[in-house]
Every structure is written in structure tokens, then in C-alpha cells.
Amino acid sequence: MSQGGRLEDAMNEEVKVVTKQRVAGRPKLLVPQIAGFIYCPGCHEPLAARAIAEVLEKLGMGDRAIGVFDIGCNSFLLGMLDIDAVLTPHGRPPDMATGVKRVYPDNIVFTVQGDGGLLSIGADPLLGALTRAEKITIIMLNNAVYGTTGGQMAPTSLEGQVTTTTPNGRDLARTGFPTHAAEMIATFRGVAYSARGAFNTPKNYMRTRKYITSAFQKQMDNVGLSFVEIICACPENWRLSPIDSLKWIEEKMIPEFPLGEFKNVDRIE
Amino acid sequence: MGERMFIEGNIAVGWGAASAGCQAFFGYPITPQNEITEWFAREFPKMGRIFAQSQSELGSINLVYGAAAAGVRAMTSTSGPGWSLMQETMSDMANAELPCVVVDVQRGGPGGGPIRHAQQDYFQCTRGGGHGDYRNIVLAPASSQESCDLVQLAFYLADKYRNPVVVMTDAIIGRLRETVEVEKIEFGPLPDKDWAVKGKARHKDGKRRIVDHSGDLLRRYPSYRALLQSLEQKMKQMQESELRYEGYKMEDASLILVAYGYTARVAKEAVNMARADGIKAGLIRLITAWPFPYQVIREKACQGGKFLVVEDSLGQVIEDVRFAVEGRAEVHLVSILDRHIPTDGGMILPDKVFDKIKEIQ
Ligand SMILES: Cc1ncc(C[n+]2csc(CCOP(=O)(O)OP(=O)(O)O)c2C)c(N)n1
Ligand code: SF4
Ligand SMILES: [Mg+2]
């Protein structure tokens, strides 16, 4: 399906040379966390800030990007990215991003949201933006729980997963099934791009960064709505060590939520 | 000279917004405000301005939040159930200090209620409506002309205070067709919206802007108390500077009617009937439902006046009047139960109000 963009090609190149590449160093758009790092040890969410910062710098769009951030652990990305930003009530970013984008169609306007924020309380704004084919980018961090509020079941929680509201493990017969955002969103006609990445390995980090690049490129090319879901470890609420969390992503999360692109078109017919 | 038009109050809202330089309207279908959303759908694209039909009233106010954060004049309109859906974000906008205008064309409630006229959203409009400590200025037009003019004032006040402003009409004012002089009203200069998000490239200093609805989390205020002090200061200033009401035959009045919107026109008619009968009746017509003219009413109560509230609800304005008179004066009510017929088509009519005046004078 995909013809891909120029930058996507460049990023593909990067994935190949990942072993030789220096991963360290701080992108300029990443704000130093002077007052202390707010995330739990081993949390993957701040990696999204880094990836977004790197992509915006590469695209030269840092001073033309506007981020719209949800309430959740993911909101702290707002403090980490040195770009214009809007914080919204829980679940509403696609709406606010739409309002901003309609006023500034030439800017990159993207949201950062959790799985609870986008798929549960935020289903109305998500469906609204998808239906209207808004030319925004939605970035969803899937950690299979409500992180901020202490690890309750999210629409993405896995079968048998112990959360504070599924103390005996998630029972699919009672609670329904995990929601596959990237696949679902890909079915909408107004969507230009939909992909799922992860941060559990350097290779997957690079791949995910490529997805974010493609998503922003689709917006810059005015094609349609673009979406990137990113599987993120939440060691705190998974009650696992950071290392075991990586294993859990590999063995449990990725089999349920396969990585890859689910839609990639350069024109919406 | 403006343009003269023979239009409904709902349409006058549109022309008022256009005159005020509103750049973005977002709305969702609900009776009895559909004429407003449809007007914007028709007219705004022609003017090169932004219109989008939202997925819900939740969506409407959120889209407004986004456009307001981007620094343009933005608005939405709705009625009862939709107004309820908007309250969370209204509260967030008060915290985030985002200006916007929301029109509530009141219909009956509670719940699904009738889709025809009523005045039952007074509490919800005048007390903030959402969670937390904040108030919105509430403007209450009583004619098509006022619908046009007060929407313009609403945009000015929203920008002046960086706070949402509510225009509270009702199905009768919204659907009543009258002659309107559509003219841009000048209210004076306002500061630039240097706080708005536009992408860093658009800021002279090249520094980032953040719009947030938490207050102290991102250090917009040094502490939670500082945020609350700022909100309190804003509320005080609105109360001191923005009170508006119309006094009708008030100089020698000893029986004072209090009303707003459609029932204010009914009450005015009843005052005329009373005056013709030699009864010294007068009317305080609320133009701002909040701020409320507590002091004016208190002074009249101290002079021995009696009060009659006329409102198409079970009694909401009357609580503010009672609060104002502090037990010094009798306060009577003509309410939704006094409509001429018991169906949702019933109205409070001048005869009924006049009967009450005669009964209590
Ligand atoms: C209307 C509303 N309901 C509930 C909350 C409480 N709340 C804050 S964050 C959050 C969960 C966030 O979970 P998710 O979106 O998955 O983000 P994460 O913290 O996992 O990154 C909830 C329920 C809220 N702020 N507002
Ligand atoms: S609770 Fe989970 S998502 Fe939130 S910071 Fe901690 S590890 Fe990250
Ligand atoms: Mg989550």
C-alpha cells in the first residue's frame, strides 16, 4: 500500500545502521529536567518525548509544532518538549488539536494521549476527529493500564492481566476484549497513516521514530489524519522490574498488539 | 449606519458574532438553537471563517477551547442537555483563562424535558456550571436586537477578562422575529493575545507558549492559592465593573418586578397595565444575570419596596432576590406553574402577572 515519503526513506536507512549509530545525546527540543525526573524508573513514556523531539528537529518543524497533551502520566511530556503546547481535560486532545489546526493549518498539530485517555473517555473526540478526517496526528501511548490513577484496567489491558480493578486478572467474558487502536483507526477512510511501535529495544525505538516521522510527514503533506500507537512499559503498575517489563512487552504485549504499519497512503480517494 | 434586517434572535446571534470578528464556530444540532448552527454553516465559509459541525456538545466546547487557545475569537451555541455536557470544559477554560462565548438557548428541563421555551438554566449559568470556583459573566438578551448586541459585548468581555462569557437566551427570544440594526460596536482596545499558542515561529521572542488548565502544575501561578486569588480578583472585578440592568419606571416604584429574557417583556407589559391602574409598579430587567444587582434590590428593599419575580422556572432568580433583600421585604413569584396552559406550549402571560400584582400590592 505504501509509497512512503522521502524522510521515511532516510529513516529506513537509519534503522539499518542502528548498531553503529550513536543513540545518546540530547535533542535541543528536549527540555532538561532540572527539578528532578518525574517518571518512575523504567517508564517508557518519556522516550516518546525524545522520539518526538528528534523527529521534529529532523523535519525542521520544532518552531512550527503545537503539541496537545492529555491528562495522564503522558501529560508530563508537555514539560519535556520545548514547543508550543496545550494541556486539555482528560480524553479531549483530538478536539483541541482540531480547534488549533483549523486556525493554523500550516503548523504540525499533534496530540499525546494514553490508552485510557484516547480509547475510553476520549472515544467521542477520537471518533469525531476520525469522522471529520481532521489533518492532525494522534500519538497514543499504550501501557495497558490507567497509569496515573494507580493501574486500573484500561481498554488495552490483556487477558488475565492483574490490575487494581481486575484483582483476579482481566476476565474477557465480563470485561470485553483489548482494543486494537492502530488496526481500528486504519479502517477509517480519512486516515492517511496508522502504525504501532514500541520502545522495548533500540531497533523498535528507531522503527517507532520512523513511524512518527511518517505520521508528521502525512500531516505536512495535508493527506489526512495520522496515528501512531506506541507500546510503553509501566513497571510501576505492572508490578514488574524495568527488565522484566521488557520481557512482558516481548512475550505478552506484542503478540496481542503486533507492530507495524496498518495504513500508509499518500492520497485519500 | 448598520444594515437593517428582519430576523430571529438566533440569527441575530450570528450577525452579532460576525460583527465582533468571531473567527470560529463549532456546533451540534439541538432544538431550539439549530438556526444558530445552521447560520454559521451557511455564512461563515463565505466569509472565509471557520465552521465545523462537532460530534457532540462535548466536542463543540473542546473545539472552541482549541481555537481560543490558538488566539482567535471562537464560540458555540447549544441548549439545556448540550449545555450540561459542556460544563467540564467550561470549568477548564475558566482555569486556563481562555476567552470564548457560549450561547444557551434555554429549553425545558430537567432531563429530556420539552424542546420548547423555559428559563430553568439560571442556576447552572450563573454559578459557573462546572466544578470548582469560577463564575462566567452571563448576558441575557430580551430581543433580537439585544441578541446581536450582547453577543458582541460578550466577545469583548471574554477577551477583557480572559474568561468564558455566556449568552443566556430562550426559545422565545431565539425564535422571535424582529427588526435588527446590525452594526459593529466598538468597546475599546484590548491587549494582544501574546499568550496564545501559534507555534514558536510566530512569537516575537521565539519562546514557547503553554495553555494549561491546571494553574500551578506548570507554574503559571506560583501556587494553588495564587491561582485562586487571581480567580477571586477576576470575579470581584467583574462584579464591580460589569453589572448591567434596565430599570423601567423605577423612580417611584414600590412594587418591583424582577425578570430577564422573554419573561422580562411579559413583566414590562404587566407593569404598564398596573401603571394604567394607578399601581406604582416598576421593573428591574436583568441584562447581566451574573453579576446580579444585589445592591440595587437591597436599597429598594430598605425603602420599603415589595418584589415580584417573574420567571419561567420553579424559582431560581427568586433565590437571588431573597438573598438581596435579606428578609427586609416580601418577595413573590410568578413561575412556570402559572403558565396559561399546562402543556409545554404554555407561557407566562401579562394578564397572569397583572393578577398577581393586584393580589399582592
Ligand atoms: C473526567 C476525568 N475523569 C477521570 C480523571 C482521572 N484520570 C486522570 S489520568 C487518568 C488515567 C490516565 O490513563 P491513560 O490515559 O492510560 O494515561 P497513562 O497515565 O497510563 O499514561 C484518569 C482516569 C480525570 N482527570 N478527568
Ligand atoms: S505510573 Fe506507569 S506510566 Fe506513569 S510514570 Fe510510572 S511507570 Fe510511567
Ligand atoms: Mg495508560
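In this predicted model, the domain assignment divides chain B into domain 1, residues 3–182, and domain 2, residues 246–360. Their C-alpha centres are 26 Å apart. Where the two domains touch, domain 1 of chain B contributes 22 residues and domain 2 of chain B contributes 20. On the domain 1 side, at least two residues each come from helix 6 (122–126), strand 6 (137–139), strand 7 (164–170) and helix 8 (171–175) of chain B. Helix 6 of chain B supplies the largest share of that side, four residues.

In soluble globular proteins, nonpolar side chains tend to be buried together. The largest nonpolar core here has 198 residues, and among those touching the most other members are A:Val86, A:Val100, B:Ala69 and B:Leu257. Helix 7 of chain B, residues 144–161, gives this core its largest share, nine residues. Domain 1 and domain 2 of chain B each provide at least three residues to the core. A:Val100 illustrates contacts with both chains: beyond its neighbours within four places in sequence, it is in contact with A:Ile66, A:Val68, A:Val86 and A:Val109, and also with B:Gly66, B:Ala69, B:Ala70 and B:Val197.

Let us now consider ligand 1. Which residues come nearest to it? Of the 18 residues around the ligand, they are A:Gly72, A:Gly114, A:Gly116, A:Gly117 and A:Gly147. Helix 5 of chain A gives the most, three residues. The shell comprises seven nonpolar residues, 10 polar residues and one charged residue.

Finally, the backbone. Most residues other than glycine have a negative phi, and most peptide bonds are trans. Against that background, the bond from B:Thr31 to B:Pro32 is cis, with omega near 10°. B:Pro32 sits in the loop between strand 2 (24–27) and helix 2 (34–46) of chain B. A cis bond also joins B:Trp290 and B:Pro291, with omega about 0°, and B:Pro291 lies in the loop between strand 13 (288–290) and helix 11 (294–302) of chain B.

As for positive phi, A:Ala144 has a value near 60° and is placed in the loop between strand 4 (137–142) and strand 5 of chain A. Is A:Ala144 buried or exposed? A:Ala144 counts as buried because it has 30 C-beta neighbours inside 10 Å. B:Lys249 has a positive phi of about 50°, but counts as partly exposed, with 17 C-beta neighbours inside 10 Å.

Note on methods: Residues numbered from 1 in each chain as written. Chains lettered and ligands numbered in written order. Predicted model: local features only at pLDDT ≥ 70, side-chain atom pairs only at ≥ 80, totals over all residues. Near = placed C-beta within 6 Å. Nonpolar A, V, L, I, M, F, W, Y, C, P; charged D, E, K, R; others polar. Core = buried A, V, L, I, M, F, W, Y, C linked by C-beta atoms within 7 Å. Buried ≥ 20, exposed ≤ 12 C-beta atoms within 10 Å, placed from the backbone. Domains from an automatic or database assignment. Contact = placed C-beta atoms within 7 Å.
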